[in-house]
Amino acid sequence: CILTISFTPDSIGNFSTTLVITTSAGDITIPLSGNVIASNIIAPQEINVGTSQINGLDAQKVLTLENAGTSDLVITDITQSGTNNTEFTLFNNCPRVLPNKVDLGPSLKCQIGIQLKGLSLGPKTTSLVLTTNDPVNPTFTINLVGETDNDIDGVPSVVERLAENNGDGNNDDIADEFQNNVASFIVSLNREVSAVTMVTDKGILSKKDTTFTDVKVLDTIPSEFPTNEFFDLKAHAFTVFSELAGDVLDVGVFLPLDVKVDKYYRVGPTADNAEPHLYDFTFDNEKGVGAQILGQVTITTNAGNDITGNLVLIRLADGGLGDDDLTVNGRIVTGIAGFSTVRNSNGGSSGAMSSIYLLMVSLLLVFMRKRYRRP
């Protein structure tokens with residue numbers, strides 16, 4: 001007769017037991033053993049390469065492969081399979097024993113560089129397929145995703161075209177979708193769609209160009225925001241890069257004339273508290289940073305066009321209060337921020353929200369290079 005034995009462990013390692021069969025002729029003892037091994041290869045299942053720019057900057061990311069096993073990890077083939085194969089380029093420093101064969105010893109790592117050079121606008125996808133001697137995942141697939149745009153601010157061109165002035169939200173006679181220092185996106189306020197435009201010009205200290213990335217409006221009001229205040233403009237996030245580490249930047253916010261801003265809140269770490277937390281980022285004279293609520297002003301742009309609105313200026317210092325990474329590195333990260341507003345007696349926001357302009361401009365632009373006047 002045949003006795004079938006199944007081995008179904010729930011963890012990794014070596015297992016052993018003894019099978020004892022009692023018969024009329026005496027006991028029969030049979031040692032049983034088994035081994036459970038883990039996948040040798042450690043790598044993410046998906047990588048977002050980022051946004052490439054048509055006829056401009058390529059998006060790049062580094063993928064790290066690690067052999068977590070006790071024997072050599074042999075990769076016999078690295079191929080691509082997907083819709084946009086020709087727009088992704090791969091480079092690697094993995095040790096090769098043959099032109100198409102990689103031998104990675106135990107506990108060793110190597111890197112594969114991924115470059116996205118978009119040939120057309122829109123989302124991009126492909127799959128990186130590794131053929132290996134891994135006992136668990138002999139074929140390991142890593143999905144690669146990215147985006148190609150006319151600029152690299154993080155907002156697709158098809159969205160920026162919905163901004164005011166036929167896609168020129170900052171009224172400088174250049175479409176927002178072609179400017180890295182301008183980002184326009186859409187928010188829904190009181191069931192009406194409104195364009196939001198952010199602009200950064202130059203650093204106060206460096207007077208060099210600055211660039212937006214990762215601009216977005218948050219879908220929901222952060223739970224950390226005060227529940228007894230109104231956030232009709234929702235919350236936003238963005239990152240500004242400067243050519244000079246330690247730079248000071250001013251971000252201007254133009255709101256409709258009938259919107260009254262009360263305070264500006266941030267959620268993030270500070271020098272005295274590394275855990276993200278809510279703090280009032282309304283302008284602090286002593287610290288020299290924060291949001292200054294100036295009221296109605298008119299500014300003339302480089303193109304000679306006037307912009308009138310309720311102006312809020314937000315001063316940010318690289319590595320200081322308001323920079324979530326708290327590091328002097330030429331990058332100011334605003335993870336979560338938002339304006340509290342004062343509502344009118346009807347319970348709505350303090351005006352018709354059908355035409356919201358959120359224009360981010362530097363104090364250098366406002367006070368040093370342009371005319372500034374109160375109406």
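Me: Which strand is T341 found in?
Reply: T341 sits in strand β22. Keep in mind that this is a predicted model.

Me: Is T341 buried or exposed there?
Reply: T341 counts as buried, because its relative accessibility is 5% and the cut-off for buried is under 20%.

Me: And what does the side chain of T341 make a polar contact with?
Reply: With the side chain of D232, at 3.0 Å. Setting aside neighbours within four places in sequence, T341 is in contact with F230, D232, L233, V259, K260, V261 and D262.

Me: Switching to pockets: how much space lies in the largest pocket?
Reply: The largest pocket holds about 520 Å³. It is lined by 24 residues, and those closest to its centre are G50, T51, I152, G154 and D214.

Me: Which strands each supply at least two residues of that lining?
Reply: β4 (46–53), β5 (59–67), β12 (139–149), β15 (210–217), β16 (236–242) and β22 (331–342) each do.

Me: What is the lining like by class?
Reply: There are nine nonpolar, eight polar and seven charged residues in the lining of the largest pocket.

Me: Now the aromatics. How many aromatic pairs does the whole structure have?
Reply: A search of the whole structure turns up eight aromatic pairs. In one of them, F7 and F15 have ring centres 5.8 Å apart and planes at 65 degrees, so that pair is edge-to-face.

Me: How accessible are F7 and F15?
Reply: F7 is partly exposed, with a relative accessible area of 44%. F15 is also partly exposed, at 28%.

Me: Which residues form an aromatic cluster?
Reply: Y264, Y279, F281 and F339 form one.

Definitions and conventions. Residues are numbered from 1 along each chain as its sequence is written. This is a predicted model: local features need pLDDT of at least 70, side-chain atom pairs count only at pLDDT 80 or more; totals for chains, interfaces and linings use all residues. Side-chain values use heavy atoms; hydrogens and water are left out. On a 1 Å grid over the protein atoms alone, a cavity is a set of points where a 1.4 Å probe fits but cannot get out, and a pocket is an open set with protein on both sides within 12 Å along at least five of seven lines; lining residues have an atom within 4 Å of a point. Grid points are joined across faces, edges and corners, and a volume is the space filled by probe spheres set on the points. Helices (H or I, at least four residues) and strands (E, at least two) are DSSP runs, numbered from the N terminus. Ala, Val, Leu, Ile, Met, Phe, Trp, Tyr, Cys and Pro count as nonpolar, Asp, Glu, Lys and Arg as charged, and the others, Gly among them, as polar. Buried means under 20% relative accessible area, exposed over 50%, partly exposed in between (1.4 Å probe, protein chains only). A polar contact is a pair of N or O atoms within 3.5 Å; within protein, one must be able to donate a hydrogen and the other to accept it, and residues adjacent in sequence count only if both atoms are side-chain atoms. Contact means heavy atoms within 4.5 Å. Rings of Phe, Tyr and Trp (its six-membered ring) pair if their centres lie within 6.5 Å; planes under 30 degrees apart count as stacked, over 60 as edge-to-face and the rest as tilted.
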